[in-house]
Amino acid sequence: MSTESGARQPRITTRELIAMKQRGERIVCLTAYDYLFGRLVDEAADIVLVGDSLGQVVLGYDSTIPVTLEDMIHHGRAVRRGVRHALLVVDMPFLTFQVSPEDTVRNAGRLFQATGAEAVKLEGGDDETARHVRALVRAGIPVMGHIGLTPQSVHALGGARVQGRGGEAGERILADAKALEEAGAFAVVLELMPAPVAAQVSGALTIPTIGIGSGPACDGQVLVLHDMLGLNERFHAKFVKPYASLAEQVRGAVREYAEDVRGGRYPDAAHSFEQ
Ligand code: KIV
């Protein structure tokens, strides 16, 4: 949100996000994984998410599964230094919120304290997950849910495919979303589901839905920053709109620099110091 003069409002809160849904204002969310991109994204986003997608786009893993709590703390702290306006949410990585509610609270508490984030996000919406969400909310840790395609379960789901196709699967997603709302989540990410399913879920909840690959009816949208900037050329998905082609620009700049250095054109007098 900006004022008429263009200045950004003070920090976004979870209450403000719910009020934005009530006013019909779309919520803007993007991921960031370091200080500098965190600062840039903070200029326009309402929510900055330190996603465990950092496993793929920063650490070079094939999935989010190898990402650890230490990884999330390390990157979450860096992003925190750049984010002043948006609500900062940090992902809970694989196996940090499944064992027991006590373990979940301990892990989320570490993430929360060490990063200074305002909320954590975790995947899943079944009754057991809702129990963990309830424990976190009780401990004073705001939670964003994440249902539909849950990347940490990519192998159990049989691949990164659209979820909730067919009446029964769509009903399951709706039930999961309601369970998360009832457990106290302040928002829920809807990943890779048919647009009508996401529309039905968004209409049924009082908390905002943040869509990714789930059509236009969600209360907000999120994308992985490196995908929308055209930095991650190995990932192609129908739902990603590239807003820049940074990989090409980076490649071109590096090539030009290498040619200049090899050709003795850099550094020249303009980039050197006199005695
Ligand atoms: O890890 C991540 O970046 C995410 C978003 C894609 C929602 O969970």
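Where is the place of L95? L95 lies in the loop between β3 (87-91) and α5 (101-115). The model shown in every view is predicted.

**Figure 1**
Twelve names make up the surroundings of the ligand: T31, L49, G51, D52, S53, D91, K121, H146, V189, I212, V222 and V224. By class, this shell holds five nonpolar, four polar and three charged residues. The ligand sits in the largest pocket.

**Figure 1. Polar side chains at the ligand.**
D52 places a polar side-chain atom 3.0 Å from an oxygen atom of the ligand. For D91, the distance from a polar side-chain atom to a ligand oxygen atom is 3.1 Å. K121 has a polar side-chain atom 2.8 Å from an oxygen atom of the ligand. The ligand exposes 260 Å² when taken alone, and the protein buries 95% of that.

Which residues lie nearest the centre of the largest pocket? They are S53, Q56, V224, D227 and F235, out of 35 lining residues. S53 and V224 are also among the residues that surround the ligand. Three elements, α3 (54-57), β6 (187-191) and α9 (225-228), each give at least two residues to the lining. The lining of the largest pocket splits into 16 nonpolar, eleven polar and eight charged residues.

**Figure 2. The second largest pocket.**
This pocket holds about 360 Å³ of space. Its lining counts 21 residues, with G124, G125, G148, T150 and D176 nearest the centre. Two or more lining residues come from each of β5 (143-148) and α7 (167-183). Which element gives the largest share of this lining? It is α7, with four residues. By class, the lining of the second largest pocket has seven nonpolar, ten polar and four charged residues.

**Figure 3. Two leucines with positive phi.**
Most residues other than glycine have a negative phi. L95 is not a glycine, yet its phi is positive, about 70°. The loop that holds L95 runs between β3 and α5. L192 is the other leucine in this view. Its phi is near 50°, again a positive value in a residue other than glycine. L192 belongs to the loop between β6 and α8 (195-204). β6 is also one of the elements that supply at least two residues to the lining of the largest pocket.

Most peptide bonds are trans. Which residues are joined by a cis peptide bond? Y266 and P267 are, and omega is about 0°. P267 is found in the segment after α10 (246-262).

Technical notes. Residues numbered from 1 in each chain as written. Predicted model: local features only at pLDDT ≥ 70, side-chain atom pairs only at ≥ 80, totals over all residues. Heavy atoms only, no water. Near = heavy atom within 4 Å. Polar contact = N/O pair within 3.5 Å; in protein donor to acceptor, adjacent residues only side chain to side chain. Areas by Shrake-Rupley, 256 points an atom, 1.4 Å probe, with all protein chains shown as cover. 1 Å grid on protein atoms, 1.4 Å probe; cavity = no way out; pocket = protein on both sides within 12 Å on 5 of 7 lines; lining within 4 Å. Sits in = over half its atoms within 2 Å of the grid points. Nonpolar A, V, L, I, M, F, W, Y, C, P; charged D, E, K, R; others polar. Points joined across faces, edges and corners; volume = space filled by probe spheres on them.
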